[in-house]
Structures are given as structure tokens and as C-alpha cells.
Amino acid sequence: MNVHARRIAFVLSLLLSAAASGQRAQITPADCQDCHSQAATQPSTTMGHALETVEKSTVLTLHPVLSAAIGKYSYRIVRNHNQSLYSVTDGSRTISMPVRWAVGASFAIGQTYILEKNGKFYESRVSWFRELKGLGPTLGSQNIAPANLDDAVGRLMSHDDLVQCLACHSTNAVSRQNLTLQTMVPGVQCGHCHGDLAKHLYDQIGSTFASQQLPGQAFSLKSRSAEDVADFCGNCHRTWAQIASQGNPSIANVRFQPYRLTESQCFDPDDPRISCLACHDPHKEVDSRPADYDATCNACHAGGKTGAKTCRVSNSGCVTCHMPKLELPGGHFRFTDHRIRIVKPGEPYPG
């Protein structure tokens, strides 16, 4: 039996063991690497760390004491071995809660914390921001004064809030709108996007050992239209329909890339050259070099029979002009606006 077959046999034993105990099978990126090289790079990306445990949060590990004073309230996050305790005081009374999870990669723009006390979960009112090198008001709360000390702790999360948060930032945390925390894997892993990997592996095993059928196919976006891809990515990054239905557009939607992209005049729902995947490989970290996107832009705008106009200024560094970076108030970060356009000096934000 070769190495690949032995690996599959090992995974089979894990799947059968999980099934026998009535548990949900846990498929890790390591189980996918023999066949898919992408599984070796994806776990280390920002998406792979979209949710971190307190034990593995580099921010909390490297900053054993974080503190900030906002209005009349003082905040501290203190490290104790592999745990962190979040507290807020008004000078006369203090409320403390353990940090349960860190939302956002330690090496990304910031982290917000999910707190837990007496079976209830809270979104921390302060977050760590890389630009500040410390704590600041959590995005969305910076202009809202707490009514009292209890309110100053953070936002009480409803069941739906927690489901929506963990469904996007982790893997196997939600099943039919029910929380399945016992099987949750922090971060966006293979199964988050590619569906029922246990079935895929079962089919692979059947093909390998019994020649019963071709390997089952995990969900793939390769042949999907630009609109389908935008809607799929928009499940977490927000779709056009989700944002358009809210009304009163503001610069807050600059971080919702699928919505912004579909608002571009050049967006063609059937053209894969304008899909999210035309620029971004979700299995690798986002490329920050503008020149690397020129080929994608010129796939349409290099003249010829495509009908797309060529730029009269340059055919390089396209995104630096046509996808400007905009500061999101309270976000402490300049987001790339995915609404592709000719940017005019002094124009208002095109919501």
C-alpha cells in the first residue's frame, strides 16, 4: 500500500470512528494536503485565522496587559497563563469577563473579542488595532456612549448574532442555524467553503479501494459566473442584495467587497474576468502589490475585440487609480474600494 493509500485508510478509520460515536467527522486541512496543495497554504492566511482561540492569539500573548480609557470608563485585558480576562470599571465598580475567542487574525488590522459570562456572550466594546498598537472603540461603537457600566462592557450578542459571527469566522460551528461549538474549528478552513468533505473522502476511499465510483467532488467555484462567485463570497463579505436593501448607503460599506464590485460599471455577471477569483486566490494571503493585478485589468482593457476602453494614462498600476484606498472612520485602516471607476478629485463617496 503506497503512502497515499495509507493516508486515505487512516482518514477512513477516523471517519468511521466519528460515525460510530454519532459525532460530526472532523476533516482538517492536513487530511486534504495529499491531493490538494492549496490546503498547505490556506490555514496560514488571514481567512484561516479569522477566528483565533485565546490560547493562540498572538496579540493577547505578546501584550499581557492592554489598557485604554474611553470617556469615564477604563478597560483592561490581562493575560493569565493561556487565558485573558477583560474588565471595565467606572472607578467605583468593576465588571470582569473571560475572553472566549478573538475575532480577526493577530497579523491583520485588528481583533475584537467575544466575551462569555453566565452562558451569555458579548462583543467587546474595545478592540485591538494594529495602527493604534493598542485598544480603541470597536468599529460601530465609537460614536455611541454607554448608558451604564453594564452597557460599557460590550454588546450582548443574541443567538442569531453569534450564529452569524461564527458561521463566517470559523468552520463547523453552525448546523441549520444551530450552534455546534463542540465541532467548531477556529478560522475559515477547507470545509467552510467546499462543503461536505466527509462525503468527498468517503467517495475517494470507495474509488481507491473498491473502484466503485469516481471520487466525489467537493464544491468548487471554478466554473461559476462572476455573479455566482460574488454571491458566494458575499455570504460573509456581504452581497449586493444585502447592502442595497438597507438603504442610506455610507462609507461603511467600503469593506463589503462583493457589493462594491457589483456596483462597478464594468461588472458583467457572466464574465469570469471580473469575478472575485480573477484577482484573488482564497488559498493564499491577499497580494498587496498593485502591479500584480495589471494582467487582470488588461485582460479586458488592453484593446482588441473586448469592447472595453483602454486607459489613456497608463496600462500599469491600474488599481492605484481606479480602486482607491479609503479610510473607514473608526476602522483605523484604509480599505481598497472595489467599486472600479474613474475617480474624480473631490467627488463624494459613491455609495
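Is Phe333 buried, exposed or partly exposed? A few friendly notes follow.

1. This is a predicted model, with local features needing pLDDT of at least 70, side-chain atom pairs counted only at pLDDT 80 or more, and totals for chains, interfaces and linings using all residues. Residues are numbered from 1 along each chain as its sequence is written, and side-chain values use heavy atoms, leaving out hydrogens and water.

2. Phe333 counts as partly exposed, at 27% relative accessibility; buried means under 20% relative accessible area, exposed over 50%, and partly exposed in between (1.4 Å probe, protein chains only). Phe335, at 14%, counts as buried.

3. There are three aromatic pairs in the structure. Phe333 and Phe335 make an edge-to-face pair, 5.0 Å centre to centre with 80° between the planes. (Rings of Phe, Tyr and Trp, the last by its six-membered ring, pair if their centres lie within 6.5 Å; planes under 30 degrees apart are stacked, over 60 edge-to-face, the rest tilted.)

4. Helix α9 spans residues 226-237, and its buried residues are Ala226, Val229, Ala230 and Gly234. Helices here are DSSP runs (H or I, at least four residues), numbered from the N terminus. The buried residues of α9 pack against α10 (240-244), α11 (257-262) and α12 (276-279), where contact means heavy atoms within 4.5 Å. Just after α9, Arg238 has a positive phi of about 85°.

5. The disulfide count is zero, a disulfide being a pair of cysteine sulfur atoms within 2.5 Å. The sulfur of Cys193 has its closest cysteine sulfur in Cys236, 7.5 Å away and so too far for a bond. For Cys279 the closest is in Cys297, at 6.2 Å, also too far.

Terms used
Helix = DSSP H or I, 4+ residues; strand = E, 2+ residues; numbered from the N terminus.
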